[in-house]
Amino acid sequence: MSSTSAMSNPGVSFEPHRRRLLGLAYRMLGSMADAEDAVQETYLRWHRADRDRVSDPRAFLMTTTTRICLDMLTSARARREEYVGPWLPEPVVDTAALAPDSCTELAEDLSIALLLILDQLSPLERAAFLLHDVFDFSFREVATALERSEAACRQLAARARTHVRAARPRGATLPPAHSGGIDAKHAQLMSAFAAATQSGDLNALTQLLASDVRVLTDGGGKVRAALNVIDGADRVAQFLVDATRKRPGAWWREDFTLRFATINGLPGLIVDAHEGPVQTAAFEIEGDVIRALYVVRNPDKLRHLAPAQHESGPE
């Protein structure tokens, strides 16, 4: 198909850009559902556009998606003020589907820690940083997308970069998005963690945790979850054992099963019930201990995850 005929077909000309647009929108919004809505709106605008006059479809589509996301963040921040407990991004398993074309460390990092840092930035800082540092836009292109001067966009990206460098975990295991499955060492550690939690062995569980470990649980006010960040090995171990054994109806049932998964590029576990996934846990691992644990229980954030397909998991 010639380039002219491809441009005349909105679906054909849009499809090569979909992965990049979805990756940008997810990083901007922290939600797969919202990201898919943003990309769909971008497609509708592409469909209505005079495509023959678009000299650079990539820039046009990325700019359009960025502006849609900035608009969506206005209402998202209002909703966030009413959010119950810690907010975590929607967990994703297929991070390769969100990868940009560049192969930098930041481009491959979809870790929850990084997404939480991005969430603390202003929308414009986030957009400038992502477009330039992750998606390889020139500052001239960033300036066009954000309708700001190049100098202003450089400052926005620089401020964001400073926050990201200061807050990204050091020494923790952050596998690249394309790394595939869980390695044997992480699988062994997570299996030991699951066994100690379910058996209530506080001593064994504490030995698996860094002294300054922290746990964030996101229930969104819809299911039981801790309303504050829990930190310190003793407090975390006690919380996990109590949550599993003293409230079995809330956190654990006999019909639940565990499976390994790579969640946002991190080693993780998915808890499945008969109706589908009910919880994800992503682990930041440093050496032989768990440095951070991110637990998503909000059912709205688990709907897009596929049910178990007989994957291997902890015994």
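Visitor: Is Asp212 buried, partly exposed or exposed?
Guide: Keep in mind that this is a predicted model. Asp212 has a relative accessible area of 41%. Buried means under 20% and exposed means over 50%, so with 41% Asp212 comes out as partly exposed.

Visitor: Which residue forms a salt bridge with Asp212?
Guide: Look for a side-chain nitrogen of Lys or Arg within 4 Å of a carboxyl oxygen. Here the closest N and O atoms are 3.0 Å apart, and the partner of Asp212 is Arg291.

Visitor: How many residues apart in sequence are the parts that Arg291 and Asp212 tie together?
Guide: Start with where the two sit: Asp212 is in strand 1 (residues 209–218), while Arg291 is in strand 6 (residues 289–296). So the pair ties together parts whose separation in sequence is 79 residues.

Visitor: Is Thr66 buried or exposed?
Guide: Thr66 has its place in helix 5. Among its contacts, leaving aside neighbours within four places in sequence, are Leu24, Ala127 and Leu146. The cut-off for buried is under 20%, so at 1% relative accessibility Thr66 counts as buried.

Visitor: Which helix gives the most residues to the lining of the largest pocket?
Guide: That pocket holds about 420 Å³ of space. Two elements give two or more residues to its lining, namely helix 4 (32–48) and helix 5 (57–80). With five residues, the one that gives the most is helix 5.

How values were computed. Residues numbered from 1 in each chain as written. Predicted model: local features only at pLDDT ≥ 70, side-chain atom pairs only at ≥ 80, totals over all residues. Heavy atoms only, no water. 1 Å grid on protein atoms, 1.4 Å probe; cavity = no way out; pocket = protein on both sides within 12 Å on 5 of 7 lines; lining within 4 Å. Points joined across faces, edges and corners; volume = space filled by probe spheres on them. Helix = DSSP H or I, 4+ residues; strand = E, 2+ residues; numbered from the N terminus. Buried < 20%, exposed > 50% of the residue type's maximum accessible area, 1.4 Å probe, protein only. Contact = heavy atoms within 4.5 Å.
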